[in-house]
Amino acid sequence: MFSKTLLASSLIAAVSAHQNFHQFWVNDVTPGYQVGVRMPPSNSPVTDVTSEDMACNVDGQTGVADTVAAAEGDTIKVQWDQSGHPGPITHMLFGPVDSAKAATGVGSWFKIDELDYVDGKWANEIMGAANMTHEFKLPTGLPSGEYLLRSEMLALHGAQTVGGAQFYIGCAQLKITGTGSDGACGPTIELPGAYNAEDADIYIPNVYNGFDPTNYTAPGGPVASCDGSGSTTPVSSKPSNVTTPATSAAAASSVAPVSTSVSLASNVAAISSVAAPASSAAAISSAPVASATGYATAAPGGNNTAIPSFAAPSGFKTSVIAAPTNGTSPSAPGSTGSAGSVKKYGQCGGKTYTGATSCESGSTCTAMNDFYSQCV
Ligand SMILES: [Cu+2]
């Protein structure tokens, strides 16, 4: 058992953290930290789904020097900063193009991987137990050429308000050898365009009040197939009952060695062996169980008794105020103290928020994004 103090401290780390995608491996070989990855200028999320930043994040239309070689069927491992924000991870490809470096990423993508909520844990928790890494395979049947690989971690802790979902996005440049012909992979979607602020997988009014994450699937439609049979019809949105492909769960836990060797397509001097960034490795190793499960099961601030609908398996912190469904008082049970002061970890502001804005003593109302401020 972990003490309440330890759980609470892990929650503080969780709520104050944003995240970036920093590094990837091809069959367990990495080109290096932030090599081949278009790094955004900050670790803040994109929240405007109509923005071109939805493709490859802020400044993500500009290429970086290195494009990394891979082959269809190869295992890709991505590593992100530690995240306590509940939600899925998805991967998409843009291409083939002649030059990944020159590609903006604004346009057609197809999904190749998705991990949502498995066995009571969101993707970020599952990754948290694996040094914030996630593995999947490049599909077979890819046309040879250069691609952008897009990694998206969608954080749903503010999804109770329109525009409150947080998209963390990073793109890498790949040169992929494959056996498919152009147009083999589909369905494709457009970014921006395919995501809408009020899609059922992005705006979840009951996210803190009865939402069942076991039926959740991430935005972007189904995982594509590359056998040439995939529709190229853009998927603008999808019904909320789309079945999650079984492949993502398997990909998270299996490491299938693939024979293809890895080399850089362009000027990277050395390929270092697998090495996690020291900061994230240290952060995770200090309390691995707490970081993986703490916020799913522990209610900070001692207010965990009055919200029976916030069952632990939902994976959400239980102390955040539920979204108002109309203009009336939005206070969730247990989320506010006396005289309108918001308990620690409760929502205290945001564009569409109408509830109490003063935090209880010992916490400060802090803007997480335009739509979500929290007492931390
Ligand atoms: Cu954050």
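How many bridges join β6 to strand β12 (residues 189-191), and in which sense do the two run? Three bridges join them, and the strands run antiparallel. Here a strand is a DSSP run of E with at least two residues, a helix is a run of H or I with at least four, and both are numbered from the N terminus. Two strands pair if DSSP finds at least two bridges between them.

## The model and its confidence

This is a predicted model, in which local features need pLDDT of at least 70 and side-chain atom pairs count only at pLDDT 80 or more, while totals for chains, interfaces and linings use all residues. Residues are numbered from 1 along each chain as its sequence is written.

pLDDT is the predictor's confidence in each residue, from 0 to 100. The protein chain averages 74, and 62% of the residues score at least 70. Two stretches call for some care. Over residues 1-16, pLDDT stays under 50, and the model has 27 contacts beyond four places in sequence for them; a contact means that the C-beta atoms of two residues, placed from the backbone, lie within 7 Å. Residues 231-339 also stay under 50, with 218 contacts beyond four places in sequence. Where pLDDT is low, the predicted coordinates should not be read in detail.

## The chain as a whole

The secondary structure comes to six helices and 17 strands. Of the 376 residues, 54% count as buried. A residue is buried if 20 or more other C-beta atoms lie within 10 Å of its own, exposed if 12 or fewer, and partly exposed in between, with C-beta atoms placed from the backbone. Among contacts with a separation of 6 or more, 76% join residues 24 or more positions apart.

## Strands β5, β6 and their partners

Let's return to β6, residues 107-115, where eight of the nine residues are buried. Strand β5 (residues 89-97) is joined to β6 by five bridges in an antiparallel arrangement. Histidine 91 faces aspartate 113 of β6 across this pairing, and threonine 90 has glutamate 114 as its bridge partner.

β5 also runs antiparallel to β10, with seven bridges between them.

## The largest nonpolar core

A nonpolar core is a set of buried Ala, Val, Leu, Ile, Met, Phe, Trp, Tyr and Cys residues joined through C-beta atoms within 7 Å. The largest one has 70 residues, and those touching the most other members are Ala70, Leu93, Ile112, Tyr147, Leu148, Ala165 and Leu174. Strand β11 (residues 166-177) gives this core its largest share, seven residues. Leaving aside neighbours within four places in sequence, leucine 93 is in contact with Trp109, Phe110, Ile112, Tyr147 and Leu149.

## An open sheet of three strands

Another sheet is open and antiparallel, with its three strands in the order β1-β4-β9. β1 (21-26) and β9 (133-137) stand at the edges with a single partner strand each, so one side of each has no neighbour in the sheet. The twist averages 20 degrees from one strand to the next, taken between N-to-C directions of axes fitted to C-alpha atoms, on a scale from 0 to 180 degrees. Five bridges pair β1 with β4 (residues 75-80), and glutamine 23 has glutamine 79 in β4 as its bridge partner.

## Loops worth a look

Leucine 142 sits in the loop between β9 and β10 (145-155). This leucine counts as buried because 27 C-beta neighbours lie inside 10 Å. Its C-alpha atom is separated by 4.6 Å from that of glycine 180, 38 residues apart along the chain. Beyond four places in sequence, leucine 142 touches Glu72, Ile176, Gly178, Gly180, Cys185 and Cys226.

Most residues other than glycine have a negative phi, and most peptide bonds are trans. The bond from glycine 186 to proline 187 is cis, with omega near 5 degrees, and the bond from leucine 191 to proline 192 is cis with omega near 0 degrees. Positive phi values occur at asparagine 27, near 50 degrees, and at asparagine 131, near 60 degrees. Asparagine 27 lies in the loop between β1 and β2 (37-38), and asparagine 131 in the loop between α3 (123-128) and β9.
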